[in-house]
Amino acid sequence: MKITISGKQMTVRQSLKDLTEKKLLRFDRFFGEDAEALVSYSCRHDQQYVEITIYYGGTIFRCEEGADTFQTAIDQALDSLERQIRKNKTRLEKRLRSGAFDPIPGDMEEEEEGEFRIRTKYIPVKPMSVEEAILQMNLLEHQFFVFRDAETEKPAVVYRRKNGDYGLITEE
């Protein structure tokens, strides 16, 4: 796995880089050599955060955790990623490395998620500005809102981020 470690508005100590690389080795059983992991460290609101994104086989695995120390945050983030993988192991087995889910002695078995229950909702997607879409999302008290960008005429999604800011997803 190729690992890239960076810090947002900080320099990551070599000891933390070494620890991160060592701890990410436990994911070698799930991913092949061509997997790419991006690890980003930051400090916000008296907490130390780690964000891990792993790209493998067209699938993106991501988590972000905050704690009192970077060591605790990386442990929590890796546990969270492993839970995500194990929870969806049947769906992921075809995409991940063969034998990735063989039982490991002492390993806790995560309860797998059942069938996806999908409720379909049809909405008229009308052209509007990003600001208008955010206003509509807030009025509906939703976490995201689908609309057609009036400027580009392309479908887009605005969403509320964990930190209270907004995000925009659109096609290229």
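Biologist: With which side chain does the side chain of E64 make a polar contact of 3.2 Å?

Modeller: A polar contact is a pair of N or O atoms within 3.5 Å; within protein, one must be able to donate a hydrogen and the other to accept it, and residues adjacent in sequence count only if both atoms are side-chain atoms. Here the partner of E64 is the side chain of R62. The side chains of E64 and R44 are also joined by a polar contact, of 2.7 Å.

Biologist: How far may I trust such values?

Modeller: The model is predicted, so local features need pLDDT of at least 70 and side-chain atom pairs count only at pLDDT 80 or more, while totals for chains, interfaces and linings use all residues. Residues are numbered from 1 along each chain as its sequence is written, and side-chain values use heavy atoms, with hydrogens and water left out.

Biologist: Is E64 buried or exposed?

Modeller: Buried means under 20% relative accessible area, and exposed over 50%, with partly exposed in between (1.4 Å probe, protein chains only). E64 has a relative accessible area of 19%, and is therefore buried. In the protein chain, buried residues make up 31% of the 172 residues.

Biologist: Which residues is E64 in contact with, leaving aside its neighbours within four places in sequence?

Modeller: Contact means heavy atoms within 4.5 Å. By that rule, E64 touches R44, Y49, V50, E51 and K162.

Biologist: In which strand is E64 found?

Modeller: Strands are DSSP runs (E, at least two residues), and helices are runs of H or I (at least four), numbered from the N terminus. E64 lies in strand β4, residues 59-67. The protein chain has four helices and eight strands.
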